[in-house]
Amino acid sequence: MTLQKQSIRVLVVGCGNMGASHAIAYQNTEGFEICGIVSIGKSKEVLNERLGGGYPLFSDYAEALASTKPDAVCISTYPDTHEAFAVMALEADCHVFIEKPLADTVEGAKRVADLATKKGKKVAVGYILRHHPSWEKFVEIAQEMGKPLVMRMNLNQQSHGVMWNVHRNLMKSLSPIVDCGVHYIDVMCQMTRSKPIQVNAIGARLTDDIPEGNYNYGQLQIRFEDGSVGWYEAGWGPMMSETAFFIKDVIGPKGCVSIVAKEAGGTGKSDNVDSHTKTESLRVHYSDINSENTFVKADEWINLTDEPDHQELCNREQRFFLKAIQEDVDLTDHIEDAVNSLRIAFACDESVKTGLPVML
């Protein structure tokens with residue numbers, strides 16, 4: 001069923017880096033109309049000015065929801081509000097675009113997913129890498145390398161200035177391997193198309209600037225039913241090393257594929273949001289050898305001409321959201337994947353805190 005293509009009135013909630021990028025995407029995308037902007041502090045005024053002014057501003061989300069009566073809500077607040085804000089939006093018969101993670105508990109994520117089904121509304125989760133052509137190609141080539149796969153990924157951030165404030169606030173409710181890890185766990189699940197069966201994880205608290213029960217460095221390992229294994233590492237803070245902060249490698253019996261981001265992977269770029277999605281080049285290596293054990297194929301370099309920056313990726317996410325609403329696209333698999341990756345990430349979090357492996 002195709003719905004009539006009329007303008008979708010969207011309430012923007014949260015005006016930080018992601019909220020601002022999504023608001024710009026709404027303003028620049030035909031089919032969306034911003035009906036209000038919500039934040040507790042002054043960031044809403046800053047964003048309003050950046051957008052040219054004139055938008056209704058609110059400090060209270062419930063008041064904004066009742067006053068503007070939007071068709072959709074964009075939630076880019078801290079994770080501990082995601083579930084409650086999404087539930088309020090769905091109860092108000094709104095579609096929801098929500099930044100990852102879907103909630104700060106697995107049970108909360110399931111509640112949002114179930115309510116979306118009950119209300120017949122679209123919930124799109126901000127898995128930005130799913131909209132990047134080079135990451136899509138990365139997954140595609142990985143799937144051609146045979147089984148089992150070995151997946152090596154990290155994103156350590158030597159965060160300082162504003163980004164250290166952001167990370168400290170995030171760590172009031174989540175660890176880095178949950179907040180960031182859901183992206184890369186999702187990628188691993190796409191690559192293997194296999195069931196994860198066990199996780200192990202370690203973590204360390206390297207600063208007193210975060211709650212006692214949390215840690216700002218973590219590394220997780222996943223075992224899959226098909227024999228594939230993967231690890232992901234994430235650390236946040238001014239003490240983090242930039243020597244090897246950007247690793248994206250997948251190895252299989254037939255060879256390997258790697259993201260080689262020489263510019264984005266340079267010193268001083270680890271906490272730059274634009275650098276996190278850049279690929280620049282994919283290097284494909286084939287394991288074929290002759291009788292003298294000499295490689296018979298040269299490494300292949302793939303440089304895709306479509307290399308969207310962070311803002312363009314947000315634009316694409318919102319075009320995906322718009323299409324889902326206007327054309328009644330079934331997002332069941334999309335939201336189930338989001339719940340699944342969060343379930344795996346929290347199992348890793350449990351492993352850090354107990355020191356034991358967790359069976360899935």
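**Exercise 1. Work out the make-up of residues 143–237 in this predicted model: how much is helix, how much is strand, and how far apart are the ends?**

Solution. 
- Step 1: start with the secondary structure. Over residues 143–237 the chain is 26% helix and 32% strand.
- Step 2: UniProt lists residues 143–237 as "domain: GFO/IDH/MocA-like oxidoreductase", in an unreviewed entry.

**Exercise 2. Classify the ring pair Y184 and Y232: what are the centre distance and plane angle, and which parts of the chain does the pair tie together?**

Solution. 
- Step 1: get the geometry. The ring centres are 4.8 Å apart and the planes sit at 15 degrees.
- Step 2: apply the cut-off. Planes under 30 degrees apart count as stacked, so Y184 and Y232 are a stacked pair.
- Step 3: place the residues. Y184 belongs to helix α9 (residues 181–192) and Y232 to strand β10 (residues 229–235), so the pair ties together parts that are 48 residues apart in sequence.
- Step 4: check burial, for which the cut-off is under 20% relative accessible area. Y184 comes in at 3% and Y232 at 0%, so Y184 counts as buried and Y232 is buried too.
- Step 5: look at the other rings. The model has seven aromatic pairs, and ring pairs link Y26, F32, F97 and F321 into a cluster.
- Step 6: finish with charges over rings. K248 has its charged end over the ring of F246, 4.0 Å from the centre, while the charged end of K297 sits over the ring of Y286, 4.6 Å from its centre.

**Exercise 3. Now take the six-stranded sheet: what is its order, and what surrounds β4?**

Solution. 
- Step 1: write down the order, β3-β2-β1-β4-β5-β6. This sheet is open and the pairing is parallel.
- Step 2: Helix α4 (residues 82–91) touches β1 (8–13), β4, β5 and β6, and its direction makes about 160 degrees with that of β5.
- Step 3: look on either side of β4 within the sheet. β1 and β4 run parallel and are joined by four bridges, with V10 opposite A72. β4 (residues 72–75) also pairs in the parallel sense with β5 (residues 95–98) over four bridges, where I98 is the bridge partner of I75.
- Step 4: check the faces of β4. Both are covered: A72 and C74 are buried on one side, V73 and I75 on the other.
- Step 5: compare with the record. UniProt lists residues 8–127 as "domain: Gfo/Idh/MocA-like oxidoreductase N-terminal" in an unreviewed entry. That span is 43% helix and 22% strand, and its end C-alpha atoms lie 21 Å apart.

**Exercise 4. Consider L174: is it buried or exposed, and which residues does it touch?**

Solution. 
- Step 1: locate L174 in the loop between α7 (162–170) and α8 (176–179).
- Step 2: test its accessibility. The value is 3%, so L174 counts as buried.
- Step 3: list the contacts, leaving out residues up to four places away in sequence. L174 touches P79, P101, D104, D179, N214 and F346.
- Step 4: L174 and V13 are 161 residues apart in sequence, and their C-alpha atoms are 20 Å apart.

Technical notes:
Residues are numbered from 1 along each chain as its sequence is written. This is a predicted model: local features need pLDDT of at least 70, side-chain atom pairs count only at pLDDT 80 or more; totals for chains, interfaces and linings use all residues. Side-chain values use heavy atoms; hydrogens and water are left out. Two strands pair if DSSP finds at least two bridges between them. Helices (H or I, at least four residues) and strands (E, at least two) are DSSP runs, numbered from the N terminus. Contact means heavy atoms within 4.5 Å. Axes are lines fitted to C-alpha atoms, for helices over the stretch in contact, and angles run from 0 to 180 degrees between N-to-C directions. Rings of Phe, Tyr and Trp (its six-membered ring) pair if their centres lie within 6.5 Å; planes under 30 degrees apart count as stacked, over 60 as edge-to-face and the rest as tilted. Buried means under 20% relative accessible area, exposed over 50%, partly exposed in between (1.4 Å probe, protein chains only). A charge sits over a ring if NZ of Lys or CZ of Arg is within 6 Å of the ring centre and within 35 degrees of the ring normal. UniProt positions are given in the numbering used here, feature names are shortened, and annotations may be inferred rather than shown by experiment.
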